[in-house]
Amino acid sequence: MIAEEKLQALGITLPALSEPKAMYIPVVQTGNLCFVSGQIPMLDDRLVYTGKAGAERTLEEAQEAARICVINGLAALRAHLGDLDRIKRIVKLQAFVSSAVGFDKQHIVINAASQLLYDVLGDAGRHARTAIAVNQLPLDAAVEIEFIVEVQ
């Protein structure tokens with residue numbers, strides 16, 4: 001369990017999988033690809049970062065929200081796969097940043113998510129990525145991230 005050891009070394013404990021807030025399932029697998037539903041910055045079943053980057057949220061707060069989204073995505077994958085070491089590679093992240101007009105650092109916000117995946121998974125954490133500014137996210141979340149993951 002190398003990924004779990006890296007998480008522990010980073011001081012990160014994956015949360016228990018929370019119940020979906022709408023009509024979806026956290027992970028769908030087809031063949032060797034897992035599609036992880038959009039993750040928002042939930043801790044202890046509570047949304048911890050709401051509002052827009054560049055207004056209610058600083059760049060640093062939005063980055064922390066992105067890291068929490070990754071942690072929740074990894075928790076969903078562990079619940080589905082049983083072992084994060086089954087991850088062969090993170091193929092792609094689609095990231096959405098609730099943004100104030102004029103805020104143009106979505107790529108910097110999502111760098112925090114990309115860096116965490118690299119820190120945990122090494123080269124398998126490198127991925128293609130989209131970072132999109134949006135006007136509003138569900139529940140007024142500051143960030144939402146979904147994953148496409150290749151597994152063994």
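**Exercise 1. In this predicted model, find which residues of H2 meet which residues of H3, and describe how the two helices pack.**

Solution, step by step:

1. Start with helix H2, which spans residues 59-81. On its side of the contact you will find Leu-59, Ala-62, Gln-63, Ala-66, Arg-67, Val-70, Ile-71 and Leu-74.
2. Now turn to H3, residues 106-121. Its partners are Ile-108, Val-109, Ile-110, Ala-112, Ala-113, Leu-116, Leu-117 and Val-120.
3. Look at the geometry. The axes of H2 and H3 lie 8 Å apart, at an angle of about 40°. Because angles under 35 degrees count as roughly parallel and 65 to 115 as roughly perpendicular, H2 is oblique to H3.
4. Finish with the handedness: H2 and H3 cross in a right-handed way.

**Exercise 2. Work out how H1 is placed against H3 and which residues make the contact.**

Solution, step by step:

1. Find H1 at residues 2-9; its axis and that of H3 come within 8 Å.
2. Read the crossing angle, roughly 120°. Since roughly perpendicular stops at 115 and roughly antiparallel starts over 145, H1 is oblique to H3.
3. List the contact: H1 brings Ala-3, Lys-6 and Leu-7, while H3 brings Asp-119, Val-120 and Leu-121.
4. Sort these residues too: four are nonpolar, none is polar and two are charged.

**Exercise 3. Describe the largest pocket: its space, its lining and the elements that supply it.**

Solution, step by step:

1. Begin with the space, about 470 Å³.
2. Count the lining: 23 residues, with Ser-18, Tyr-24, Gln-39, Ile-40 and Met-42 nearest the centre.
3. Trace the lining back to its elements. Strand E2 (33-39), strand E3 (42-43) and helix H2 each supply at least two residues, and E2 gives the most, with three.

Notes: Residues are numbered from 1 along each chain as its sequence is written. This is a predicted model: local features need pLDDT of at least 70, side-chain atom pairs count only at pLDDT 80 or more; totals for chains, interfaces and linings use all residues. Side-chain values use heavy atoms; hydrogens and water are left out. On a 1 Å grid over the protein atoms alone, a cavity is a set of points where a 1.4 Å probe fits but cannot get out, and a pocket is an open set with protein on both sides within 12 Å along at least five of seven lines; lining residues have an atom within 4 Å of a point. Grid points are joined across faces, edges and corners, and a volume is the space filled by probe spheres set on the points. Helices (H or I, at least four residues) and strands (E, at least two) are DSSP runs, numbered from the N terminus. Axes are lines fitted to C-alpha atoms, for helices over the stretch in contact, and angles run from 0 to 180 degrees between N-to-C directions. A crossing is left-handed if the near helix is turned anticlockwise from the far one by less than a right angle, and right-handed if clockwise. Contact means heavy atoms within 4.5 Å. Ala, Val, Leu, Ile, Met, Phe, Trp, Tyr, Cys and Pro count as nonpolar, Asp, Glu, Lys and Arg as charged, and the others, Gly among them, as polar.
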